[in-house]
Amino acid sequence: MLTIGEVAKKVGITIGAIRFYERKGLLTPAARSEQNNRLYSEDDLNWLVFIKCLRETGMSVEDIKTYYDKVNEGTSTLPERTKLIQDQRQKLLEDIEQKKAQLVHLDHKLERYYRGENY
């Protein structure tokens, strides 16, 4: 079992974020030590890594909650979960294409500056 600080450090999120995810129902409430400190399992750690990944792709907390609820409902929800992840994947691909276009624009601007143009 890991403390909240250990989990936060390993996942790369804040203790406050973990508590927030618990309050929002994205994470099963932690077990408690004799000193009433939160304790997390490796499964909790792995789930938090995935939450972080989803958040970094731009998925909303509400959509992650929907996904989490579907996971907890069991294998009958696999098609719905698959669709949620596929949709997020598509959004991420669109974001990547947009970022690539922005990068090209910046590169063109830099080329002009390197040629001595002032605009």
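Predicted model: local features only at pLDDT ≥ 70, side-chain atom pairs only at ≥ 80, totals over all residues.

**Exercise 1. The packing of α4 and α5**

Task: Classify the relative orientation of α4 and α5, and describe their contact by residue class.

Solution: 
- Step 1. Two packed helices are described by the angle between their axes and the distance between the axes.
- Step 2. The axes of α4 (residues 61–73) and α5 cross at roughly 155° and come within 9 Å.
- Step 3. Angles over 145 degrees count as roughly antiparallel; therefore α4 and α5 are roughly antiparallel to each other.
- Step 4. The crossing in which α4 passes α5 is left-handed.
- Step 5. From α4, the residues Thr66, Tyr67, Lys70 and Val71 meet Glu80, Arg81, Leu84 and Ile85 of α5.
- Step 6. Sorted by class, this contact of α4 with α5 has 4 nonpolar, 1 polar and 3 charged residues.

**Exercise 2. Two contacts of α3**

Task: Describe how α3 packs with α1 and with α4.

Solution: 
- Step 1. Helix α1 (residues 4–11) packs with helix α3 (residues 42–56) at an angle of about 45°, and their axes are 10 Å apart. This angle makes α1 oblique to α3.
- Step 2. α1 and α3 form a right-handed crossing. Val7, Lys10 and Val11 in α1 meet Leu45, Leu48, Val49 and Lys52 in α3. The contact of α1 with α3 has 5 nonpolar, no polar and 2 charged residues.
- Step 3. The axes of α3 and α4 cross at roughly 140° and come within 10 Å. That makes α3 oblique to α4.
- Step 4. α3 passes α4 in a right-handed crossing. In this contact, Trp47, Phe50, Ile51, Leu54 and Arg55 of α3 meet Val61, Ile64, Tyr67 and Tyr68 of α4. By class there are 8 nonpolar, no polar and 1 charged residues in the contact of α3 with α4.

**Exercise 3. Annotated regions**

Task: State the helix and strand content of residues 1–70 and of residues 82–109.

Solution: 
- Step 1. In an unreviewed entry, UniProt lists "domain: HTH merR-type" for residues 1–70. This span is 60% helix and 10% strand, and its end C-alpha atoms lie 26 Å apart.
- Step 2. The UniProt entry, which is unreviewed, places the feature "coiled-coil region" at residues 82–109. Here the chain is 100% helix and 0% strand, with end C-alpha atoms 41 Å apart.

How values were computed. Residues numbered from 1 in each chain as written. Heavy atoms only, no water. Axes fitted to C-alpha atoms, helices over the stretch in contact; angles between N-to-C directions. Helix = DSSP H or I, 4+ residues; strand = E, 2+ residues; numbered from the N terminus. Parallel < 35°, antiparallel > 145°, perpendicular 65-115°, else oblique. Left-handed = near helix turned anticlockwise from the far one by under 90°. Contact = heavy atoms within 4.5 Å. Nonpolar A, V, L, I, M, F, W, Y, C, P; charged D, E, K, R; others polar. UniProt positions renumbered as here; feature names shortened; annotations may be inferred.
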